[in-house]
Amino acid sequence: MKISAMTAIAAVLFSVPGLVSADADDDQLVINGEIEMTTKTEPPAHLDGALPEIISGWHFRADETQALQMDDFDNSGMIFVDEGRAQWNEVAGSEGKSCASCHEDPSSMEGVRATYPKWDEDAGEVQTVAMQINDCRENNMGAEPYGYTSTEMANMEALIALQSRGMPVDVAIDGPVRETWEEGKEIYYTRFGQLELSCANCHEQNYGNRIRSDHLSQGQINGFPVYRMKNAKLNTVHARFKGCVRDTRAETFKPGSDEFVALELYVASRGNGLSVEGPSVRN
């Protein structure tokens with residue numbers, strides 16, 4: 001017999017032993033004792049009252065996990081930033097160039113992570129940071145593209161994200177990106193899989209609830225790439241999307257697909273006003 005939407009939600013959110021309500025805490029995220037992060041703020045107007053407040057996923061983690069992100073020495077994600085820096089300076093491809101050949105220091109990427117995904121006029125499409133990285137590798141360096149969710153891509157995304165750390169997310173949703181944004185919104189609210197669950201069922205309607213040991217967040221992506229202790233590596237946005245869709249027992253979209261690009265644009269815009277945190281630390 002087909003599982004109804006309400007039955008699926010009830011099974012996941014109410015019938016699981018250990019489910020309790022636990023609101024986001026009121027701790028303050030300050031990195032290295034000097035970088036104050038905006039982790040709670042007024043929701044952007046385009047959410048139309050869907051959330052009373054937008055909250056970083058950092059607030060839904062245990063104190064011990066939160067502490068790891070408060071000091072770069074303890075943040076395991078910073079190891080991968082160092083690897084990204086080595087990649088930045090590595091000459092690759094037929095043109096004999098590195099990232100540094102054109103962009104010099106990684107600090108030239110300041111502000112990039114805060115505004116992506118965004119419209120690329122030359123490409124005539126919405127591009128993510130990962131797409132832009134591979135565009136540079138292929139067209140400027142004559143190098144092979146990174147796998148969309150590969151370790152190399154995650155390293156480079158982390159290095160770029162770090163340059164915008166503390167800056168407010170400010171993703172545009174008007175103009176030529178609007179159609180893609182609308183597509184992403186539709187995906188966000190569409191139920192998938194045998195469990196018939198949408199992104200909104202967990203991250204809009206039930207954030208703050210605990211299922212066993214997991215504390216549901218709002219699913220904000222301002223902290224990506226994320227170092228997850230669960231798999232001891234950096235995780236990219238599309239890798240996380242893939243895992244979430246898979247958990248609904250559905251056939252998932254491909255990382256880098258039009259569907260996931262649209263979803264990333266929409267979800268990123270839900271966090272407009274939160275600080276860029278990447279690389280962050282989560283369970």
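Helices, in this report, are DSSP runs of H or I with at least four residues, numbered from the N terminus. The model is predicted.

**Pocket lining and α6**

At least two lining residues each come from α4, α6 and α7. Nearest the centre of this pocket lie His-103, Met-109, Gln-132, Ile-133 and Cys-136. The table lists values for the pocket.

| Second largest pocket | Value |
|---|---|
| Space | about 260 Å³ |
| Lining residues | 17 residues |
| Nonpolar lining residues | 12 residues |
| Polar lining residues | 4 residues |

**Helix α7**

Helix α7 covers residues 151–162 and spans 16 Å between its first and last C-alpha, close to the 16 Å expected for its 12 residues. Of these 12 residues, 10 are buried, including Met-153, Met-156, Glu-157 and Ile-160. The packing partners of the buried α7 residues are α3 (77–89), α4 (99–103), α5 (112–115), α6 (129–141) and β11 (233–235).

**Ile-133 and the core**

Ile-133 touches Met-153, Met-156, Glu-157 and Ile-160, and also Tyr-146, leaving aside residues up to four places away in sequence. In soluble globular proteins, nonpolar side chains tend to be buried together. Here the largest nonpolar core holds 53 residues, and Trp-88, Ile-133, Met-156, Leu-263 and Val-267 touch the most other members. Two or more residues of this core come from each of α3, α4, α6, α7, α8 (178–188), β10 (226–228), α10 (237–247) and α11 (258–270).

Notes:
Residues are numbered from 1 along each chain as its sequence is written. This is a predicted model: local features need pLDDT of at least 70, side-chain atom pairs count only at pLDDT 80 or more; totals for chains, interfaces and linings use all residues. Side-chain values use heavy atoms; hydrogens and water are left out. The expected span of a helix is 1.5 Å times one less than its number of residues. Buried means under 20% relative accessible area, exposed over 50%, partly exposed in between (1.4 Å probe, protein chains only). Contact means heavy atoms within 4.5 Å. A nonpolar core is a set of buried Ala, Val, Leu, Ile, Met, Phe, Trp, Tyr and Cys residues joined through side-chain atoms within 4.5 Å. On a 1 Å grid over the protein atoms alone, a cavity is a set of points where a 1.4 Å probe fits but cannot get out, and a pocket is an open set with protein on both sides within 12 Å along at least five of seven lines; lining residues have an atom within 4 Å of a point. Grid points are joined across faces, edges and corners, and a volume is the space filled by probe spheres set on the points. Ala, Val, Leu, Ile, Met, Phe, Trp, Tyr, Cys and Pro count as nonpolar, Asp, Glu, Lys and Arg as charged, and the others, Gly among them, as polar.
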